[in-house]
Amino acid sequence: VLGEKTYRIKAFPSVQGFWIRIEDITRYVAYEKSKREFVANASHELRTPLSVILGILETLYEEENSQEKKALIEKAIRRAKAMQNLVEDLLILARLESREEKLILESIDLRQLVEEIFDMYTDFPVKLINSVQENYTLVADRKKLFTLLKNLVDNAVKYNKEEGLVEVKAYSDGTWHKIEVKDTGIGIPRVHLPFIFERFYRADPSRSRDLGGTGLGLSIVKHIALLHGGKVEVESKEGEGSLFRVYLPILSE
Ligand code: ADP
């Protein structure tokens, strides 16, 4: 950034040495910013009417006696809830991408955090295994790390098989904290692997939508890891399961 302008500098190796290309990307940056702000504002404006609609539908459901009509209202409630999830995810992602988002760092008991997330999945026919050691602490933004792990566990549960397993573990190699979320689910076909962290990319769109997915979960995971100075990688085998590994730098408070 130089004064009012933003430039992108790229170097290309050549026989004599290398070429440098300097591009003025001021307009592109401004366009990206206004796009992000539009998404954030639109999502914000949709929040209130959506919760009013849901409230009304829930009252109608309670008061309705006809089973046929109840089924219809239930369908509408499910759709409205899916929309609510989408609006929330869009807002989270817009904030994460805004570059104004700051981390609030604190010391976190990881085993306890994982337990809090697991408590939200008591009704699912999968086995949840918290293999994080007792007193494993790390410094990160608690709310964001919760969202990151919740999204990974959510997928590990959603794309699992009946009686499947979901295991979370953590270890450190002196440079990184590595947190792994592993499942014994349907896995991800190789061709899709390079794209799954992109917004709205789904390996199996109809299945994902039926399961209440927004297509934004892994983008949010990626952005939260990046904001911490970390990254995410995935290993997966179709029909056998997936392993998502999050790298977070070892920080002090
Ligand atoms: P969605 O809301 O569709 O789950 P995500 O961004 O969380 O969106 O994930 C993108 C896609 O990656 C999913 O639609 C699914 O096809 C695939 N995926 C993510 N996690 C898993 C997993 N643990 N097992 C199998 N497929 C997965």
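1. Helix α6 (residues 217-227) lies across β8 and β9 (241-249) and runs at about 140° to β8. Here helices (H or I, at least four residues) and strands (E, at least two) are DSSP runs, numbered from the N terminus, while axes are lines fitted to C-alpha atoms, for helices over the stretch in contact, with angles that run from 0 to 180 degrees between N-to-C directions. The model is a predicted one, in which local features need pLDDT of at least 70 and side-chain atom pairs count only at pLDDT 80 or more, whereas totals for chains, interfaces and linings use all residues. Residues are numbered from 1 along each chain as its sequence is written, and side-chain values use heavy atoms, with hydrogens and water left out.

2. The open sheet is built from five strands in the order β4-β6-β7-β9-β8, with mixed pairing; two strands pair if DSSP finds at least two bridges between them. Because β4 (127-130) and β8 (231-237) stand at the edges with a single partner strand each, one side of each is left without a neighbour in the sheet. Neighbouring strands of this sheet are turned by 15° against each other on average, direction ignored.

3. Within the sheet, β4 and β6 (residues 165-172) run parallel and are joined by four bridges, with N130 standing opposite V168 in β6. Helix α3 (residues 110-118) packs on the sheet, where it touches β4, β6 and β7 (176-183), and its direction makes about 165° with that of β4; contact means heavy atoms within 4.5 Å.

4. By contrast with that parallel pair, β6 and β7 run antiparallel and are joined by seven bridges, and A170 stands opposite I179 in β7. These two strands, β6 and β7, form a hairpin with three residues between them, and G174 in the turn has a positive phi of about 95°.

5. The structure holds four aromatic pairs, where rings of Phe, Tyr and Trp (its six-membered ring) pair if their centres lie within 6.5 Å, and planes under 30 degrees apart count as stacked, over 60 as edge-to-face and the rest as tilted. One of them, W176 with Y247, is edge-to-face, at 5.7 Å centre to centre and 85° between the planes. Since W176 lies in strand β7 and Y247 in strand β9, the pair ties together parts that are 71 residues apart in sequence.

6. Around the ligand there are 21 residues, of which N155, Y159, S208, T214 and G215 come nearest; a residue is counted if one of its heavy atoms lies within 4 Å. Taken alone the ligand exposes 530 Å², and the protein buries 98% of that, with accessible areas from the Shrake-Rupley method with a 1.4 Å probe; for residues, only the protein chains shown count as cover.

7. T26 is found in helix α1 (residues 26-63) and, leaving aside its neighbours within four places in sequence, is in contact with E4, K5 and T6.
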